[in-house]
Amino acid sequence: MAGVMKLVCLVLACMIVAGPITANAALTCGTVNSNVAPCIGYITQGGPLPGACCTGVSKLNSMARTTPDRQQACRCLKTAASALGPSLNAGRAAGIPKACGVSVPFPISTNTNCNSVK
């Protein structure tokens with residue numbers, strides 16, 4: 001439980017730091033993080049993929065309609081993934097869109113060049 005609280009605090013700190021970066025995009029890291037928050041347990045510990053995770057990914061995908069929004073979502077996801085550190089299972093994270101039946105216009109990876117997302 002203490003580890004989860006540390007993770008939540010770290011994500012919140014990232015949101016505060018990344019907040020000013022979102023000036024050109026309507027989509028904020030707070031919105032991105034709240035939509036993918038149900039996925040964190042699956043990404044870090046495995047088990048069944050929660051329905052709330054798929055709902056959040058689908059909702060986030062429908063909100064990211066413009067190139068700046070998609071680039072911002074990409075940056076927010078990279079920041080959140082980096083915050084998970086070694087507990088991140090990159091394969092599980094990358095597979096979420098397909099498992100949820102959502103077509104995301106960029107790979108979910110810490111290596112994605114968000115500036116190239118259209």
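Visitor: How many helices and strands does the secondary structure of the chain come to?
Guide: From the N terminus on, the elements run α-α-α-α-α-α. The count is six helices and zero strands.

Visitor: Where in the chain is confidence lowest, and where is it highest?
Guide: The chain averages a pLDDT of 83, and 79% of the residues score at least 70. Confidence is lowest in helix 1 (residues 2–18), at a mean of 43, and highest in helix 4 (residues 51–63), at 96.

Visitor: Over which residues is the pLDDT below 50?
Guide: Where pLDDT is low, the predicted coordinates should not be read in detail. One such stretch has 16 contacts in the model beyond near neighbours in sequence, and it covers residues 4–23.

Visitor: Is helix 2 parallel, perpendicular or oblique to helix 5?
Guide: Helix 2 (residues 29–36) and helix 5 (residues 67–84) pack with axes 9 Å apart, at an angle of about 60°. An angle of about 60° therefore makes helix 2 to helix 5 oblique.

Visitor: What is the handedness of the crossing where helix 2 passes helix 5?
Guide: The axes of helix 2 and helix 5 lie 9 Å apart. Helix 2 passes helix 5 in a crossing that is right-handed.

Visitor: How do the residues of the contact of helix 2 with helix 5 divide into nonpolar, polar and charged?
Guide: Helix 2 brings C29, V32, N33 and V36. Helix 5 meets them with Q72, A73, C76, L77 and A80. The division is seven nonpolar, two polar and no charged.

Conventions:
Residues numbered from 1 in each chain as written. Predicted model: local features only at pLDDT ≥ 70, side-chain atom pairs only at ≥ 80, totals over all residues. Heavy atoms only, no water. Axes fitted to C-alpha atoms, helices over the stretch in contact; angles between N-to-C directions. Helix = DSSP H or I, 4+ residues; strand = E, 2+ residues; numbered from the N terminus. Parallel < 35°, antiparallel > 145°, perpendicular 65-115°, else oblique. Left-handed = near helix turned anticlockwise from the far one by under 90°. Contact = heavy atoms within 4.5 Å. Nonpolar A, V, L, I, M, F, W, Y, C, P; charged D, E, K, R; others polar. pLDDT = per-residue confidence, 0-100.
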